[in-house]
Amino acid sequence: MKLAYFPGCKISFYLKAYGDSFESVMKHLGIDLVRLEFNCCGYPARGEHFEISVFSAIKNLAVAHKNKLDIITPCKCCFGQFKHAVFWYYKHKNLKTKIDDLLDQENLSWDGSTQIHHLLSFLYHEIGLDTLEKRSVKKFSGKKIAVQYGCHALRPFSVTRFDHPYAPTIFEDLVRVTGMVPVEWPKSTECCGNPILEGHKALSLTILENKFKSASLAGAEYICTACTHCQMQYEMTDYESDIDTHGVKPVLFTRILDAAFGGKTVF
Amino acid sequence: MMFETLFYISLFLCAAGCIFQWVRFRRAGLMFKPASSDRFNPGRLYPNPVNLILSFLNTIFQIRLFAAGKIRWLFHFFVFAGFLYLVTVHAFHQVTAVVLFDYYDPTVDPFQFLRNLFGSLVVAGCILFFLRRGLRLRVNQIKSNWGSHLKYKGLVSIILVFLIVGTGFLLEASKIISEPVFMEMVEDYSDLEEGDELEELKLFWQEKAFVSFDPTVPADPEKLKNGQVLNEVYCISCHSDIRSSFVSCLLADLMSFYGTVLNQTRVDVMLYRVHYGLCLALIVFLPFSRLNHIFLIPLSIAVKNQAPKTHHQKTAQVFGASLFACTNCGYCSQVCSVYPHFQITGNPDVLPHSKIETLKKIADKHPDVSLWGLQKGNNACTQCNKCTQICPSGIDLQTLWAVTHRIFSDNALVNNQTFFNRILPEAWADLETEPRMLIARQELVSDLIEKTDAFENCIQCTICTNVCPVVEYDSKDNDYTPQQVMNLLRLDQKHLASGTRMVWTCLTCYACQDICPQKIPVTDIILELRHLGGVRADAVKLQQTVKKRVEIS
């Protein structure tokens with residue numbers, strides 16, 4: 001199976017570990033990742049400039065369409081942005097016309113056929129829990145873990161169709177494959193604080209600290225993420241030494257999975 | 001003697017130019033001084049040996065350029081390799097070739113041949129270079145004119161190089177056909193007097209080596225044979241067969257039609273002066289021309305690898321010098337992640353290669369700069385590192401964009417979040433904006449705040465407020481809650497709503513939107529309010545920068 005790999009902007013500089021482990025997991029599963037000339041997904045321009053945000057996303061989809069490939073991204077903000085853009089692209093006739101014109105100038109076009117996958121939904125729906133169970137040669141039995149869903153994939157549900165917006169289950173099910181025990185955690189669907197890290201750092205870090213605290217109270221050893229921005233936010237503890245992590249460590253889901261599959265990742 | 005004096009004067013001017021430029025680089029670097037709170041480390045250069053070697057290899061072989069574009073690398077390498085040989089072995093032969101090879105003489109093979117070979121490489125490279133410019137095949141000229149304002153950048157140095165090598169070939173050709181030069185050499189290297197033997201040698205050189213004699217020596221096979229013997233006796237030991245200088249021979253063949261006139265006017269002496277003068281001009285011009293990238297690129301690469309990775313610890317000179325290492329090749333803009341931003345807004349300062357030019361202008365206090373455009377453009381950067389990876393000059397663009405906001409710190413040009421943190425919503429709602437400044441007006445396509453049916457059904461149940469993380473954790477600083485923002489809209493106070501802290505600290509987590517029992521798109525409305533506020537804020541910022549410029553002038 002071939003998929004266009006959309007890493008998003010942050011992975012190549014800020015979170016290489018995510019990109020590397022993601023690629024390794026996909027290799028184990030026999031997925032051929034193709035790198036195309038993508039641009040930004042448009043998420044950072046949401047709320048800044050509506051047209052740019054929608055056009056950026058649709059242009060990426062058009063590039064994938066030209067190569068007759070579906071898109072997979074490990075980032076939830078990118079995933080959410082794609083869904084968001086598709087929603088508004090069809091809703092606004094004027095916007096659609098303008099975007100189609102711009103695409104036409106670069107010999108691109110988009111007919112809506114490109115599928116958009118996030119890592120989790122792809123593993124859950126396309127690969128299946130049974131296959132993952134079979135492939136996991138190493139089990140981390142009994143390790144308690146809290147999962148962080150990430151807002152932009154979950155909500156608004158009418159646009160993203162990822163999972164239930166307040167009581168999702170797919171991440172927990174996927175984590176169980178590796179033998180880990182997902183804890184009941186009230187903050188699993190709450191924001192990590194990353195979107196306002198630059199604009200309102202103090203608040204952003206307060207939100208982060210409360211997440212650590214709450215995960216620790218739930219008895220978790222790790223917080224598991226499957227989103228570039230969430231992981232970057234949890235890793236802020238490397239730069240801000242006065243954040244109390246309550247002994248909870250953030251970990252990328254792909255790193256757990258890679259280790260479970262017997263990959264290079266030491267976990 | 002006069003030539004030597006001129007040479008030292010140009011060296012002195014070149015050194016003065018280097019000092020001037022260094023001061024300029026430092027000034028450019030100091031633009032990125034952070035605001036008072038964190039201390040600025042002016043930094044020192046401690047390039048480590050491994051990086052120095054890599055940097056050196058890159059200078060010789062242009063590895064980074066090769067990775068970015070093969071064809072461009074090829075003719076860049078033609079010019080570079082050719083000119084490097086000519087400078088070291090030919091121009092400075094007294095300190096290089098003469099010392100290294102005891103048989104060296106400019107007229108001896110392989111030197112005579114190599115000089116022509118490398119010279120022709122330079123000429124070929126230059127011609128390809130001009131063609132590429134003329135046919136608009138440069139990366140930054142291909143797409144919709146986005147590099148058009150840089151069309152003539154860096155032309156002076158390549159024209160100079162072309163002229164130097166061109167006059168070099170002409171000079172060599174004019175010496176080949178020159179009777180006076182021939183006579184001087186006969187005087188210096190043989191004991192021949194006027195007579196038959198001299199005539200025979202002349203005949204040989206006329207027939208075999210393009211020398212134009214006045215009057216022409218009459219042909220005679222017997223004499224020619226004797227001439228060849230005399231050539232072997234007197235000339236061949238330090239003058240190889242002239243035909244190995246293949247380019248100059250071609251030119252000499254053409255020039256010999258006017259040989260008599262050219263020899264009488266001593267065109268070779270004239271050409272020597274021109275050739276030498278152009279070389280001196282290049283030396284004087286070196287610190288200011290595009291050619292300074294030969295020195296700035298290794299510097300910027302070495303420093304990029306060396307300096308600490310964290311943004312706030314970077315140094316002043318680093319940026320200063322590396323800004324000027326840019327050769328406007330445009331590869332960065334070709335891979336830029338936010339290129340769609342440029343496609344929609346048409347603001348060239350979204351693109352890296354244009355931002356660098358603007359930054360250089362700001363450093364030089366150029367009056368015609370749109371700070372506002374740069375701020376908007378740089379704000380769009382997503383820090384994806386693609387430009388830094390491809391940059392053939394090895395400039396640390398990633399860090400540069402991260403610290404560019406610092407140059408706006410004493411201006412009104414802050415990003416919108418900071419802007420709205422500094423102003424109360426009530427004051428913001430009353431603020432007058434000049435309509436003509438709303439040039440940044442963008443079509444508000446989703447139109448939720450204009451249509452009352454999006455929010456009129458709000459029943460003020462406060463569920464949105466109850467799930468909002470900002471309200472939960474920021475009770476002290478936050479002003480309006482989400483349901484109050486909705487109510488402001490119902491009271492037709494959209495400008496007041498667009499200035500609230502709630503709108504600008506919203507996490508966009510959509511928790512409110514999906515839980516609203518009335519199906520009000522709360523987050524989408526908040527995002528649209530941001531958009532609306534942003535458009536007006538841009539107008540205000542633009543107003544202030546214009547005012548500032550008026551005050552300065």
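Author: The sulfur of Cys468(B) has its closest cysteine sulfur in Cys512(B), 6.6 Å away, which is too far for a bond. A disulfide here is a pair of cysteine sulfur atoms within 2.5 Å. This is a predicted model, in which local features need pLDDT of at least 70 and side-chain atom pairs count only at pLDDT 80 or more, while totals for chains, interfaces and linings use all residues; side-chain values use heavy atoms, with hydrogens and water left out. Residues are numbered from 1 along each chain as its sequence is written, and chains are lettered from A and ligands numbered from 1 in the order in which they are written.

Cys468(B) has a relative accessibility of 9% and therefore counts as buried (buried is under 20% relative accessible area, exposed over 50%, partly exposed in between, with a 1.4 Å probe and protein chains only). Cys387(B) is likewise buried, at 8%. Its closest cysteine sulfur is that of Cys384(B), and at 6.2 Å this is also too far for a bond. Over all chains, the count of disulfides by this rule is 0.

Another buried residue in chain B is Thr500(B), with a relative accessible area of 0%. Thr500(B) sits in the loop between helix H28 (494-498) and helix H29 (501-505) of chain B; helices (H or I, at least four residues) and strands (E, at least two) are DSSP runs, numbered from the N terminus. Its side chain reaches the backbone oxygen of Ala497(B) at 2.8 Å. Leaving out residues up to four places away in sequence, Thr500(B) touches Pro425(B), Asp479(B), Tyr480(B), Val485(B) and Leu488(B), where contact means heavy atoms within 4.5 Å. Asp479(B) is 21 residues from Thr500(B) along the chain, and their C-alpha atoms are separated by 6.8 Å.

Glu190(A) leads from one chain to the other: with residues up to four places away not counted, it touches Gln148(A), Cys151(A) and Lys211(A), and also Pro469(B), Glu472(B) and Tyr473(B). Glu190(A) lies in the loop between strand E6 (181-182) and helix H11 (201-217) of chain A, and at 17% relative accessibility it counts as buried.

Next comes the contact between the chains. In it, 47 residues of chain A meet 47 residues of chain B. The interface buries about 4100 Å², of which carbon and sulfur atoms give 59%; buried area is the accessible area (1.4 Å probe) that two parts lose on being put together, summed over both. Between chain A and chain B there are 0 salt bridges (a side-chain nitrogen of Lys or Arg within 4 Å of a carboxyl oxygen of Asp or Glu). On the side of chain A that touches chain B, the elements giving two or more residues are helix H1 (11-14), helix H3 (50-66), helix H4 (76-91), helix H5 (93-105), helix H8 (151-154) and H11 of chain A. The largest share of that side, 6 residues, comes from H3(A).

Strand E6 of chain A also has a partner: E5(A) and E6(A) pair in the parallel sense over 2 bridges, a pair of strands being one with at least two DSSP bridges. In that pairing Ile145(A) stands opposite Pro182(A). E5(A) also runs parallel to strand E7 (residues 222-225) of chain A, joined by 4 bridges, with Ala146(A) opposite Ile223(A). Of the 5 residues of strand E5 (residues 144-148), 4 are buried, so the strand is largely enclosed by the rest of the structure.

How values were computed: Polar contact = N/O pair within 3.5 Å; in protein donor to acceptor, adjacent residues only side chain to side chain.
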